[in-house]
Amino acid sequence: KNMTDSSIYRLSNLKDRIVLRSGIIETVRNFFIENSFLEVETPLRDKAPLPEVNIEALCSENLFLRTSPEPYLKALLSAGYEKIFEIGPCFRKNESGRLHREEFTMLEWYQAGASSQDLIPFTKKMLSHAAKKTTGTTKIQYNDRLIDLAAEWEIVKLKDAFAKFAGRSLAESTNGNFFELDLLEKIEPNLPNDRPVILSGYPAEFRAYSALSADDPEIADRWELYIGGMEIANT
């Protein structure tokens, strides 16, 4: 078969997934609109990339393709738009593999006055609703495990996970520049993969534009969601 025939054959085999993906995006969009969020569309290119560690932007002529819509959405938030969301393409250089692509679709949303903890039940409600609406159940099958998105989500503090699995404390790992390696090789593989898990309490160095904790200025008030051992969302 030539390249054209192979591509058509592959696309024909992906029809069920493409239809499901379309239904998920439509359901998620409607969920936000029904919860009084305003959908916006922000630029795909900018004069300078976001200064994000370990994330490199792709060039587009004399501009850069966005790695996320974050700066534009936060500008709208600052301008008085209280509840906004966007579903659209983003680009990150050298992102390749089974779980990554240089071009991908991102959902990002903001709600004025909501804390990171407020977003946990909202995220759970959104994902459970999307699953139920598109597949008829809140349970998903992943790597031979049945995961119920509507069941109780486990919340794990990062400092506890490091103490248990990393062989050193969170502070020791961060100060020794082992944080990313320990997180990838020692923490993530040991997270429960039969239920959604929230990993919370990141070092301030990895705050990713999040606010610092009111109780501990060395900890960022942010979390990441893992489902089936894979990071799905973060604040």
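Guide: The buried residues of helix α5 pack against β9 (154-157), α6 (170-175), α7 (179-187) and β10 (197-203), where contact means heavy atoms within 4.5 Å. Helices (H or I, at least four residues) and strands (E, at least two) are DSSP runs, numbered from the N terminus. This is a predicted model, in which local features need pLDDT of at least 70, side-chain atom pairs count only at pLDDT 80 or more, and totals for chains, interfaces and linings use all residues. Residues are numbered from 1 along each chain as its sequence is written, and side-chain values use heavy atoms, with hydrogens and water left out.

Helix α5 spans residues 158-166, and its buried members are Leu158, Ala161, Phe162 and Ala166. Buried means under 20% relative accessible area, exposed over 50% and partly exposed in between (1.4 Å probe, protein chains only). These four residues lie on the same side of α5 because they cover an arc of only 100° around the axis; the arc is that of the directions from the helix axis to the C-beta atoms. An α-helix has 3.6 residues a turn, so residues three or four places apart point the same way.

On the face turned away from the buried side, α5 carries the exposed residues Lys159, Ala163 and Lys164. After the helix comes Gly167, whose phi is positive, near 80°.

A nonpolar core is a set of buried Ala, Val, Leu, Ile, Met, Phe, Trp, Tyr and Cys residues joined through side-chain atoms within 4.5 Å. The largest nonpolar core has 22 residues, and α4 gives the most to that core, with seven residues.
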